[in-house]
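Please read the report below beside the sequence and the coordinates.

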Amino acid sequence: MGEVEKTFISGLKEVLVEEKVIDESQLEPSFAKEIKKYGGKDVMTCLQCGNCTGVCPISLKIDYKTRIIIKYCQFGLKKFTLGTRWVCATCYRCYEHCPADINPAEVMIALRHIAVREGVIPPFIKVAATNLVRYGQSVKPDEEVNKIRKELGLGDIHTFDPGYKKVLREISILVHASKYDKLIGIEEEVKT
Amino acid sequence: MTQYAYFFGCVIPNRYPGVEYAVRWVCGKEGFDIDVMDVPEFSCCPVPGIFYSTDKDTWLLLAARNLVLAQDERREILTVCNGCFTSLMKGSEYLRDPKSMGRVNRVLAQVGKKYTGVPKKSEGRRKVFEPVSVRHYIDVMANDVGLEAITAKTKRSLKNISVAVHYGCHYLRPTETRTIDDPNNPVLLDRIVEACGATSIDYEDKLDCCGAGGGVRSHVVDLANSLTEDKCKNISAVGADCIVTGCPFCLLQFDNAQKTFSKDGIPVMHVSQFQALSMGIDPISLGFDTHHVSAHSLLRKLRGS
């Protein structure tokens with residue numbers, strides 16, 4: 001804690017006893033537009049009522065308040081939203097309760113799009129994408145489970161079917177065509 | 001009679017083969033004899049928490065590829081998973097937009113596929129197409145098969161079994177495009193459980209998330225588990241014998257998370273396994289030994305009744 005002189009957004013200067021201050025240099029006015037580009041709705045129409053936070057199951061557990069993140073988006077405080085976007089369970093409760101029809105969950109998804117394009121890619125994304133390209137499934141097929149399947153009289157997991165190679169090739173072509181392999185960094189997995 | 005194509009997704013075939021067996025048994029000759037086929041070329045839906053979250057274009061391409069396969073067979077997709085349901089249904093809705101459809105088809109041409117929708121009728125020379133219909137297992141059971149038919153097929157009495165049902169978020173929400181149930185007061189899963197002869201008991205925060213979705217389980221597993229712990233506390237408070245869910249990913253979360261905070265845990269199963277139990281199947285075929293939480297307490301109670 002210390003005394004900090006802060007210039008507010010309107011130009012008003014004041015001395016604050018706070019460490020974390022926000023000044024205009026940190027703002028990115030185009031942030032709201034960027035969110036819209038990736039399928040989020042206009043965050044500027046948020047009323048800051050807080051319904052989304054009230055119904056959010058995650059906000060009960062950790063310091064993650066949907067309303068605050070939407071506020072950061074309105075101001076354009078891109079870096080303040082770092083690290084928070086991967087804990088949304090996309091349960092869409094916030095959407096059902098939003099009076100401004102913003103769909104905060106979709107805003108979080110747009111933030112994830114932006115994060116990935118800035119190189120912030122959590123390892124599980126790479127794992128799942130690799131599994132999809134290798135096996136056509138987002139989870140790795142298990143030999144043990146395949147044995148149990150046979151005991152139950154079920155067929156092999158499709159991935160173990162020789163005819164499935166065609167499907168894997170198609171997936172590779174599609175993933176490559178949309179440049180997803182480059183985006184996530186799994187180029188060496190994709191054979192086209 | 002409607003014709004369907006099975007869409008099991010990733011979690012059921014690779015983690016819970018018992019659910020796949022139960023679904024095939026319930027839909028097959030010994031059950032309701034539904035006209036449903038396998039499409040072996042189906043891939044991952046793709047999973048919304050990964051692909052819809054990081055690149056919508058790729059997500060739509062891969063979803064469209066699956067939709068084309070169902071379209072060419074002229075069948076409705078019967079999904080057994082909430083994730084597959086929401087991903088494919090959203091994909092089908094996105095592709096109503098001619099611009100999206102055109103963009104997707106330009107890429108799909110590289111793999112020799114084309115999404116048009118299912119031709120329904122022709123007005124003069126013009127053909128009318130409808131988007132590929134994506135159905136949830138619960139929806140098909142409650143509305144197409146019917147609750148009376150479910151009751152008529154029950155062989156084993158589940159009278160003294162009390163069930164805590166868990167719908168799962170993506171069964172209910174978002175209501176942006178289409179809903180199969182009331183998002184704030186869903187009833188279909190409760191009704192199926194009741195039609196099987198068991199009692200569905202109410203508990204606090206019934207519609208809360210299991211915690212696994214959106215990549216939370218993969219990213220911060222402790223956070224996901226703590227949400228599940230809250231749910232399980234509420235469920236044990238009302239003394240439920242088992243948890244029945246319509247989503248294999250919620251099933252996986254309940255099943256795996258419970259061992260981190262309780263010794264015994266409440267048995268969890270998919271609605272198809274529960275139906276199969278009521279229809280008199282030998283529980284050994286339901287693959288409960290692949291579940292982490294043992295179903296013994298429930299099976300013992302069933303034998304006692």
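## Basis

This is a predicted model, in which local features need pLDDT of at least 70 and side-chain atom pairs count only at pLDDT 80 or more, while totals for chains, interfaces and linings use all residues. Residues are numbered from 1 along each chain as its sequence is written, chains are lettered from A and ligands numbered from 1 in the order in which they are written, and side-chain values use heavy atoms, with hydrogens and water left out.

## Interface of chains A and B

Chain A contributes 56 residues to the contact and chain B 59 residues, where contact means heavy atoms within 4.5 Å. The area buried between chain A and chain B is about 5,100 Å², and carbon and sulfur atoms give 63% of that area; buried area is the accessible area (1.4 Å probe) that two parts lose on being put together, summed over both.

Eight salt bridges are counted between chain A and chain B, each being a side-chain nitrogen of Lys or Arg within 4 Å of a carboxyl oxygen of Asp or Glu. R93(A) forms a salt bridge with D208(B), with the closest N and O atoms 2.8 Å apart.

S285(B) lies in the loop between α13 (271-278) and α14 (296-304) of chain B, helices being DSSP runs of H or I with at least four residues, and strands runs of E with at least two, numbered from the N terminus. S285(B) counts as buried because its relative accessibility is 13%, buried meaning under 20% relative accessible area, exposed over 50% and partly exposed in between (1.4 Å probe, protein chains only). Leaving aside residues up to four places away in sequence, S285(B) touches L152(A), G18(B) and Y21(B).

Helix α2 (residues 17-27) of chain B has nine of its eleven residues buried, so it is largely enclosed by the rest of the structure. Among the buried residues of α2(B) are G18(B), W25(B) and C27(B).

## Nonpolar cores

A nonpolar core is a set of buried Ala, Val, Leu, Ile, Met, Phe, Trp, Tyr and Cys residues joined through side-chain atoms within 4.5 Å. The largest such core has 132 residues, of which C27(B), Y137(B), M141(B), V163(B), V244(B) and F274(B) touch the most other members. Helix α4 (residues 56-72) of chain B gives the most to this core, ten residues.

Apart from this core lies another, of 29 residues, including Y64(A) and A110(A).
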